[in-house]
Amino acid sequence: MKKRKGLKKFLKVLLALIVIGLIIYACFSVKTKSIFIYNNTFLSDQEIIDRTSLKDYPSFFLTTGSKIKDELNEPFIKDVKIKRAFLLELHVEIEEYRPLFIRQENNTIVLENKVEIPNNYEISLPILINYVPSTKYDKFIEELAKIDKSITDKISEIKYDPNDYDEDRFLLYMNDKNAVYITLTKMDLLNKYNELITKIDGNEGILYLDSGNYFEVKD
């Protein structure tokens, strides 16, 4: 009798485990019904879907951001996060490395992580119009990445423009027809550009932020 009771108990436990296993399997086999993609610049929603397992409307629970990032395998993608929502919706949030400027020398887009990608995208960026020595180039990228995007969006062209006193000097041509001299050690002053430019009473000229912090009106 004891053996029969033990066997029945064992079978009940086994059956319960099988049922739980089947429920878990069924849950994780549930497919995604809708996909929404956000914050992508370089690839369209459809390109992201076509190049990843998202095109098959994958498992709602097993799809991960790291898997989608690996499948895309692009140097401009910093991270991918997946958020799940009601009615089996997957919300895919793309985080990209910020594009800083177009390097005219080889027609590439330079990202904040110093990676260069082909300029095959319709994106408005400042253009670096001349050669920058390697000893200055990396530092220039690092400092420009600290400048608010609302400011860099106002830069049309960038020129490396050293003089006898400052090998770190750059000249920025702005979309508002002003120009700015800046040096690498003072690049953070560019974040005050909007504030500074309001003090010139609508005049056009050159803002010297490399030394002296003054404005010279055009003749």
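I take two strands as paired if DSSP finds at least two bridges between them. Helices (H or I, at least four residues) and strands (E, at least two) are DSSP runs, numbered from the N terminus.

I note that this is a predicted model, in which local features need pLDDT of at least 70, side-chain atom pairs count only at pLDDT 80 or more, and totals for chains, interfaces and linings use all residues. Residues are numbered from 1 along each chain as its sequence is written, and side-chain values use heavy atoms, with hydrogens and water left out.

**Entry 1: strand 9**

Strand 8 (residues 155-160) is joined to strand 9 by 5 bridges, and the two run antiparallel. Within this pairing, Glu-157 stands opposite Tyr-173 of strand 9.

Strand 10 (residues 179-183) also runs antiparallel to strand 9, again with 5 bridges. Here I found Phe-170 opposite Ile-182 of strand 10. Strands 9 and 10 form a hairpin with 4 residues between them, and Lys-177 in the turn has a positive phi of about 75 degrees.

I then checked burial, where buried means under 20% relative accessible area, exposed over 50%, and partly exposed in between (1.4 Å probe, protein chains only).

**Entry 2: aromatic pairs**

I count rings of Phe, Tyr and Trp (its six-membered ring) as a pair if their centres lie within 6.5 Å; planes under 30 degrees apart are stacked, over 60 edge-to-face, and the rest tilted. The structure holds 10 aromatic pairs.

One of them is Phe-42 with Tyr-121: the ring centres are 5.0 Å apart and the planes at 75 degrees, so I logged the pair as edge-to-face. Phe-42 lies in the loop between strand 1 (34-38) and helix 2 (45-50), Tyr-121 in the loop between strand 6 (116-118) and strand 7 (127-128); the pair links distant parts of the chain, 79 residues apart. Phe-42 is buried at 4% relative accessible area, whereas Tyr-121 is partly exposed at 25%.

I also looked up Tyr-208 and Tyr-214, which are stacked, with 4.7 Å centre to centre and 15 degrees between the planes. Tyr-208 is buried at 13%; Tyr-214 is partly exposed at 41%.

**Entry 3: the cluster**

Which residues form one aromatic cluster? I listed Phe-101, Tyr-137, Phe-140, Tyr-160 and Phe-170. Arg-103 lies over the face of Tyr-137, 4.9 Å from the ring centre; the criterion is NZ of Lys or CZ of Arg within 6 Å of the ring centre and within 35 degrees of the ring normal.
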